[in-house]
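This report is meant for someone meeting the structure for the first time.

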Amino acid sequence: MEQRTRVIHVVGARPNYMKVAPLMRVMSRHPEKWDQILVHTGQHYDYRMSQVFFEDLGLPHPDVYLGVGSGSHAEQYARVLQSFENVLDELRPNWVIVVGDVNSTLACALAAAQKHIKVAHVEAGLRSFDRTMPEEINRVLTDHVSDLLFTTERSGNENLAKEGIPPEKVRFVGNTMIDTLAALLPKSENRQILKELSLHFRNGNGQGQAARHRAYTLVTLHRPQNVDESYALSEILEALERIAEDVPVLFPVHPRTRKRIKENHLSVHPDRVRLLEPLGYMDFLALMRQASLVITDSGGIQEETTYLGVPCLTVRPNTERPVTIELGTNRLVPRESSAIVREALHALSNGGVKERTLPPLWDGKAAERIVRHLEQV
Ligand code: UD1
């Protein structure tokens with residue numbers, strides 16, 4: 001009988017789950033070929049940063065939970081490396097599949113490479129060319145220890161070629177996070193979140209109506225560059241208060257950001273900017289698809305808004321996802337209050353709305369392509 005291929009999928013932090021879910025789903029159609037093991041490093045551990053995504057995405061319970069928790073970069077790498085090495089010794093997989101650019105991604109790729117276990121990197125080749133971002137270091141190093149590199153946009157292939165990675169290791173496949181978005185978008189219509197937040201707007205005949213006019217701005221912020229420096233964080237909060245004079249601002253707050261707001265004694269007027277707990281995948285999707293504007297510093301949300309055709313302002317000096325600017329609805333904005341307000345009001349007045357063009361291969365079938373490639377090597 002043909003031997004099954006044993007694959008370890010690694011997740012660690014919030015942006016990983018939606019990238020892994022479609023791969024597991026496609027592989028699970030062929031249990032005679034694939035022996036799948038899901039390892040959660042525990043980099044993110046709060047219900048709202050982890051478990052709710054498992055529920056929303058229909059991911060199975062992790063087979064192995066490493067429980068590494070929070071800490072400095074070195075602490076996180078060290079704990080994951082040590083405990084993942086034991087997992088590899090015990091389970092001896094044929095492949096380790098890592099996604100994205102978080103600390104768990106690099107640590108697991110490195111542990112596997114040192115044991116001569118093949119590594120596949122999903123979302124390879126993205127580069128911000130900004131080494132002050134921890135994710136940039138994770139991206140570069142993960143790519144250089146990987147055996148098979150799956151890119152989401154053509155810029156990834158170009159970056160990898162410039163770094164001397166042989167093109168035969170690289171496959172342009174599209175975006176598994178978009179696979180998840182495309183699959184779950186119809187289901188997001190039935191969410192109660194708009195009602196729960198009392199987002200009712202009056203239409204012409206005076207009848208209350210859910211936010212059909214998309215008249216709110218949705219915000220996420222968590223990058224150390226924006227939230228760990230109190231000057232930057234207060235500039236951004238000031239901008240949100242000003243924008244909220246025109247449209248309501250909804251801001252689900254990442255734990256890192258909440259901590260910094262508190263530590264720096266910052267605040268926003270609660271009637272204007274609504275600070276919410278972090279949201280699960282389906283609720284966030286329901287809010288994002290109806291938003292008139294998204295302001296973020298996330299990587300993935302730049303891509304999701306491009307797919308949805310929702311205008312997005314990214315509070316960063318650069319992006320590793322240039323296709324979201326070239327073809328999508330994304331625009332970079334500096335972290336200065338006046339610039340953010342100007343760009344936001346422009347976008348809200350429809351002045352900044354760009355027609356969306358879907359990036360190539362963002363068609364909901366990236367995971368199928370990845371699995372086909374893995375079958376062929
Ligand atoms: C990490 C990733 C980042 C990703 C982000 C998504 C790295 C280097 N960064 O950043 O690329 O965009 O996840 O959220 O891997 N915390 C909790 N509960 C949790 C997890 C974290 O309260 O479940 C708090 C802790 O105080 C922790 C802080 O958030 O110290 C930061 O968490 P950490 O995993 O270090 O990085 P993120 O900022 O979440």
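Helix α10 (residues 230-243) and helix α15 (residues 337-348) have axes that come within 8 Å and cross at roughly 35°, where helices (H or I, at least four residues) and strands (E, at least two) are DSSP runs numbered from the N terminus, and where axes are lines fitted to C-alpha atoms, for helices over the stretch in contact, with angles running from 0 to 180 degrees between N-to-C directions. Two packed helices are described by the angle between their axes and the distance between the axes.

This is a predicted model, in which local features need pLDDT of at least 70 and side-chain atom pairs count only at pLDDT 80 or more, while totals for chains, interfaces and linings use all residues. Residues are numbered from 1 along each chain as its sequence is written, and side-chain values use heavy atoms, with hydrogens and water left out.

The contact (heavy atoms within 4.5 Å) is made, on the side of α10, by E235, I236, E238, A239, R242 and I243, and on the side of α15 by S337, I340, V341, A344, L345 and L348. Sorted by class, the contact of α10 with α15 holds 8 nonpolar residues (Ala, Val, Leu, Ile, Met, Phe, Trp, Tyr, Cys and Pro), 1 polar residue (the others, Gly among them) and 3 charged residues (Asp, Glu, Lys and Arg).

Within α15, the residues S337, A339, I340, V341, A344 and A347 are buried, a term that means under 20% relative accessible area with a 1.4 Å probe and protein chains only. What covers these buried residues of α15 includes α10, β13 (293-296) and β14 (312-314). After α15 comes N350, whose phi is positive, near 75°.

Elsewhere, V102 is placed in the loop between β4 (95-99) and α4 (103-114). Leaving out residues up to four places away in sequence, V102 touches A13, P15, N16, Q43 and N138.

Ring pairs link Y17, F53 and F54 into a cluster, rings of Phe, Tyr and Trp (its six-membered ring) being paired if their centres lie within 6.5 Å.

| Residue | Relative accessibility | Class |
|---|---|---|
| Y17 | 0% | buried |
| F53 | 3% | buried |
| V102 | 10% | buried |

Key: Buried < 20%, exposed > 50% of the residue type's maximum accessible area, 1.4 Å probe, protein only. Phe/Tyr/Trp six-rings, centres within 6.5 Å; stacked < 30°, edge-to-face > 60°.
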